[in-house]
Amino acid sequence: MTKEMIISSSAHETRVAILEEDQVAEIFIERERQRGVVGNLYKGRVSKVLPGMQSAFVDLGLERDGFLYVSDVIASTEEFDRLETEEDEPGVTAGGNGAPPAALDEARAGAPASNDNRKGKAHGESSATFGGPAAPNRGRRDRDRDRGPDPKIEELVKEGQEIIVQVAKEPLGTKGARLTCHATMPGRFLVFMPTVDHVGVSRKIDSRDERSRLRGIVREFREQHGFAGGVIIRTAAAGRPKEDIVSDLSYFHRVWTDIRQKSDSSRAPAVVYQEQSLVAKLLRDLLSEDYSVIRIDNELEYRRVCELVDRIMPALSTRVKLYDKDYPILEEYGVQAEIDRALRSKVWLKSGGSIVVNQTEALVAIDVNTGRYVGKKSAGRLEDTILKTNLEAVKEIVRQIRLRDLGGIIVLDFIDMEEKKNRQKVFQTVEQELRKDRAPSKTLQVSDFGLVIITRKRVKQSLERVLTEPCPYCAGSAVIKSSSTICYEILSEVKKISADLDGQTLVLRVNPDIARALREEERAVFKDLKQSLGRDITVRPDAQLHHEQFDLMAVG
């Protein structure tokens with residue numbers, strides 16, 4: 001698959017678009033004043049411990065306290081089981097409004113590479129607590145037998161305690177950031193895990209000799225520098241010279257030393273490590289031979305990208321191009337039009353059908369309609385028309401899910417099909433299209449209702465929530481009361497307070513739309529108003545009033 005990366009960078013905002021076969025597949029946005037916090041390490045202070053929920057809130061100095069589940073405090077054996085048994089997942093954990101590390105999923109997919117476990121604190125812990133004790137590398141049965149009951153949150157952290165945590169999920173809506181004590185720091189070729197003593201190699205590296213060579217490089221560095229943190233060797237490390245692997249290890253060594261020094265000298269809450277910029281994260285995690293070109297419209301960013309690509313994949317350095325036209329780069333390559341389209345609820349299909357995307361607090365509902373598509377004359381059967389529309393909709397639905405970065409529970413309501421084989425074909429197409437998506441997801445077919453349910457990992461806000469805000473007029477509900485409803489409410493309210501109104505004349509201030517309705521289609525309501533009060537009423541239009549707001553005053 002041919003891919004392109006389009007980068008629009010300014011002092012205020014960076015936007016990156018990934019094009020697959022000339023179609024916009026993913027959008028990443030990072031704003032300088034609203035940089036994401038996923039991947040950042042904080043020296044926080046435990047503000048509240050909730051035994052009933054087996055979690056704690058940690059003050060990070062952000063708008064809301066982050067929350068820490070007990071499972072994210074314990075250095076559980078299950079984490080190591082995942083390292084030993086899971087296959088590589090294609091998902092990426094997104095940071096800020098961008099995307100770091102596919103490396104984190106790869107870290108979970110690495111097979112154990114050695115028994116290079118050392119006693120003591122992981123790479124020199126500072127005074128602030130950082131995670132639980134590292135689990136020894138033993139068999140699962142032995143661990144389960146010896147482990148006993150899991151410790152409770154109140155036994156692990158106390159209110160007021162200072163603790164080093166990493167943000168695993170962005171704050172979403174009214175929820176604070178999801179935190180973990182199991183920090184992971186991805187590089188191009190390695191993933192560093194400072195709280196464990198474990199060396200693993202990605203399962204995608206099949207060669208025993210290559211695994212042994214890479215393991216030996218890491219082992220040698222650990223012994224020479226007293227490097228006690230855990231390391232997962234990524235797939236990208238296969239075939240790379242020793243200097244590249246050592247470069248990543250040296251970088252982690254410097255960064256972790258700096259983190260410990262900052263932690264010792266800073267008062268909580270404080271940031272002790274900040275993730276790289278959006279462009280650097282994307283290049284680190286996504287750059288491959290599939291990318292035919294990387295276009296950048298900012299000369300300073302262009303030089304930075306050239307330096308980074310020269311270091312991590314020098315063979316691709318000639319594919320980095322500076323865009324120097326006056327016309328905006330996102331307009332030139334059709335990215336802005338796709339962003340605008342992704343902010344609308346209805347998306348038209350080429351055949352004339354459509355899909356409607358509705359985001360709610362609990363889930364995302366996507367409805368498929370035939371719209372203007374009535375099938376071909378040669379088709380003859382309604383079932384064939386419906387199947388063609390549903391199959392076309394599947395590809396656009398998955399593209400919109402990736403483009404809008406929708407997460408959580410996603411319910412797909414396809415047009416009803418009578419034949420089971422057609423329903424199965426649509427379901428299989430959904431699964432096939434989702435394989436293009438890096439974010440982990442699961443799919444369930446609800447046969448009785450003709451629905452397909454997708455659960456997709458959500459770590460950051462969707463494109464809609466990044467680029468929009470609730471409408472101040474309708475308070476985000478997308479509806480307001482009709483003019484007729486307001487007229488009837490005015491009549492009801494006036495009857496309720498009529499006994500308390502003094503004065504010869506009454507002045508009714510309303511929105512101009514309501515004033516027009518009282519003169520025209522709802523003039524019978526206005527007549528009832530005057531009869532119920534027994535006095536004249538002057539209607540005064542006021543454009544400053546909200547559509548649903550009115551004011552009744554007695555004059556004279």
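**Exercise 1. Is helix α11 largely enclosed or largely open, and how many of its 23 residues are buried?**

Solution. Start with the ground rules. This is a predicted model, where local features need pLDDT of at least 70, side-chain atom pairs count only at pLDDT 80 or more, and totals for chains, interfaces and linings use all residues. Residues are numbered from 1 along each chain as its sequence is written, and side-chain values use heavy atoms, with hydrogens and water left out.

Step 1. Helices (H or I, at least four residues) and strands (E, at least two) are DSSP runs, numbered from the N terminus. Buried means under 20% relative accessible area, exposed over 50%, and partly exposed in between (1.4 Å probe, protein chains only).

Step 2. Count. In α11, 17 of the 23 residues are buried, so the rest of the structure largely encloses this helix.

**Exercise 2. Check the span of α11 (residues 382-404).**

Solution. Step 1. The expected span is 1.5 Å times one less than the number of residues.

Step 3. Look past the end. D405 follows α11, and its phi is positive, near 55°.

**Exercise 3. Describe the sheet of 6 strands and the helices on it.**

Solution. Step 1. Two strands pair if DSSP finds at least two bridges between them. The order is β17-β18-β19-β20-β22-β21; the sheet is open, with mixed pairing.

Step 1. Find the edges. β17 (346-348) and β21 (441-446) each pair on one side only.

Step 2. Zoom in on one pair. β19 (residues 364-369) and β20 (residues 408-413) run parallel, with 4 bridges. A365 has V411 in β20 as its bridge partner.

Step 3. Contact means heavy atoms within 4.5 Å. Axes are lines fitted to C-alpha atoms, for helices over the stretch in contact, and angles run from 0 to 180 degrees between N-to-C directions. α11 packs on the sheet, and β17, β18, β19, β20 and β22 are the strands it touches. Its direction makes about 150° with that of β19. α12 (residues 420-434) also packs there, touching β20, β21 and β22. The direction of α12 makes about 175° with that of β21.

**Exercise 4. How many disulfides are there?**

Solution. Step 1. A disulfide is a pair of cysteine sulfur atoms within 2.5 Å. The count is 0.

Step 1. The nearest cysteine sulfur, that of C471, is 3.7 Å away.

Step 2. Check burial. C474 is buried at 14% relative accessible area. C487 is buried too, at 0%.
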